[in-house]
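Hi everyone, thanks for coming. Let me put the structure up on the screen.

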Amino acid sequence: MLNKIHTYIVQNAASFLRSPIHLIPNFLQRQLLLDGLNMVFKEALEDGDFEFLENKWLKVEVKDLDVFWMISFDGTRFVVSDQPISEGIAADANFRGNLNDFILIAGRKEDPDTLFFQRRLVIEGDTEFGLEVKNVIDGVDLDTLPAILKTLLGQLSDFVYKGVRSGQQHSEGIDHVNTYRGSGGHLTN
């Protein structure tokens, strides 16, 4: 019973959060994102790892929350915009996925390449630029994060990972039963 509740919460998290996210003013969303980026990528910023992002825009789109942000670098710090492309900001690359998949990537429970090949993460636009972004994200040492953030991210990603896996196993069990029934009661593979 608890397993079903856990799976339900994980599978429906975006629908629970969609309305509250849209109630947060855009300037506050941008500031929270900037603070998070600066915290997570502090070491990479100090090392100059984001120079490739200067004068370029990365669009990060969370499909199931119906939100996106445009991220760039001005030579010293991140720049975040929520302006649509039609208002003059064009994305050089676009990372698009669902909330749970971004959480799994952040917590190192799933590899972005795996999600890309499963079509759960879409990377469009300038391929070289997109790969540079992915490599910098992959290079973040979670041990350098503040302890509270590392703990929260670990617990959240564990929760999502277990909920996603439980949902997949449940779906596979249903498929197996349907295969059994569809075979006239004979087991098939």
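Predicted model: local features only at pLDDT ≥ 70, side-chain atom pairs only at ≥ 80, totals over all residues.

Numbering starts from 1 along each chain as its sequence is written, and side-chain values use heavy atoms, with hydrogens and water left out.

Rolling a probe the size of a water molecule over the atoms shows where empty space is left. Here, a pocket is an open set of points on a 1 Å grid over the protein atoms alone, where a 1.4 Å probe fits, with protein on both sides within 12 Å along at least five of seven lines; lining residues have an atom within 4 Å of a point. The largest pocket has a volume of about 1,400 Å³, that is, the space filled by probe spheres set on the points, with grid points joined across faces, edges and corners. Its lining has 40 residues, and L33, L37, V40, F102 and A106 lie nearest the centre.

Which helix gives the most to that lining? It's α2, with seven residues. Helices (H or I, at least four residues) and strands (E, at least two) are DSSP runs, numbered from the N terminus.

Now the rings. There are nine aromatic pairs, meaning rings of Phe, Tyr and Trp (its six-membered ring) with centres within 6.5 Å; planes under 30 degrees apart are stacked, over 60 edge-to-face, and the rest tilted. One of them is F50 with F73: the centres are 6.4 Å apart and the planes at 40 degrees, so this pair is tilted. F50 sits in the loop between α3 and β1 and F73 in strand β2, so the pair ties together parts 23 residues apart in sequence. Both F50 and F73 are buried, which here is under 20% relative accessible area, with exposed over 50% and partly exposed in between (1.4 Å probe, protein chains only).

Last, two arginines. R108 is partly exposed at 35%, whereas R119 is exposed at 72%.
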